[in-house]
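Hi,

Here is the structure I promised to pass on. Have a look at it first, and my notes follow below.

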Amino acid sequence: MRSIMVFNSKGGSGKSTISINLASYFASQGKKVVIADFDPQSSSLEWLENRSSGGNLITGIDASKGNFRAPRNADYIIYDTPAAILAKNITHYLRRAQSVIIPVLPSPIDIRAATPFIQNVLANGRVIRKECRVALIANRCRENTNIYQQLNIYLKKVRKAPFLSVLRESQNYNKASEKGQGIFELPPYLVSRDLDQWEPIIKWLRSKRSQPAN
Ligand SMILES: Nc1ncnc2c1ncn2[C@@H]1O[C@H](COP(=O)(O)OP(=O)(O)O)[C@@H](O)[C@H]1O
Ligand SMILES: [Mg+2]
């Protein structure tokens, strides 16, 4: 089973949005997908409640109350995580995941908050030992803005984690999530630009580079 975590201690960076879209992608590929939500706000589980039973099936797990068991027969488990994760708790989360995606927004506050968080994740023993692989994405970007340029420069400079993609600010995420879906389940003509931006993320997740060494 592949385990993927979307992780950033900053609220509003797009963790739930990216988690549900990853779940939607793998489900649309016919995979058995579980979404495990560590956030007591349970955005991902609420999203799942709006999902029609006719679609590609995704199972939800409330991971916010401590003990839970990941079903062994799933192909993919996607972990959504809460905001305000303390540095000392990073290992608690990382031990669950083979691949970790950190989304960062183009805002001065988000870039400032991401800096120590990314450093702490990259300095974690699990990451150093390549038991868990980390990648970065920029989220909610408008490319002609100055702050986007700053985020781009910042993420490119992080040497120990690949900067996979830039996701634009797009209402398609809201359109899909209202129905308990992801952009991969909307008509392709509506979302072609967004799908292009997801391609490097999917490619990374399918490659060995996102999986533990050995
Ligand atoms: N690429 C995007 N384009 C448009 N809206 C987005 C995008 N990513 C996230 N959002 C919106 O931003 C808000 C915060 O995103 P969310 O995924 O809930 O962040 P987090 O889980 O990190 O707190 C939500 O209202 C979500 O719909
Ligand atoms: Mg969330």
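Let me start with the ligand. Sixteen residues, the 16 around ligand 1, form its shell, and Ser13, Gly14, Lys15, Ser16 and Thr17 come nearest (near means a C-beta atom, placed from the backbone, within 6 Å of the molecule). Please note that this is a predicted model, where local features need pLDDT of at least 70 and side-chain atom pairs count only at pLDDT 80 or more, while totals for chains, interfaces and linings use all residues. Residues are numbered from 1 along each chain as its sequence is written, and chains are lettered from A and ligands numbered from 1 in the order in which they are written.

Helix H1 (15-28), strand E6 (133-141) and helix H7 (172-178) each give at least two residues to that shell, with H1 supplying the largest share, 3 residues. Helices (H or I, at least four residues) and strands (E, at least two) are DSSP runs, numbered from the N terminus.

Helix H8 (residues 188-206) is worth a look too. Val191, Gln197, Trp198, Ile201 and Leu205 of H8 are buried, that is, 20 or more other C-beta atoms, placed from the backbone, lie within 10 Å of their own.

Best wishes

Methods:
A residue is buried if 20 or more other C-beta atoms lie within 10 Å of its own, exposed if 12 or fewer, and partly exposed in between; C-beta atoms are placed from the backbone.
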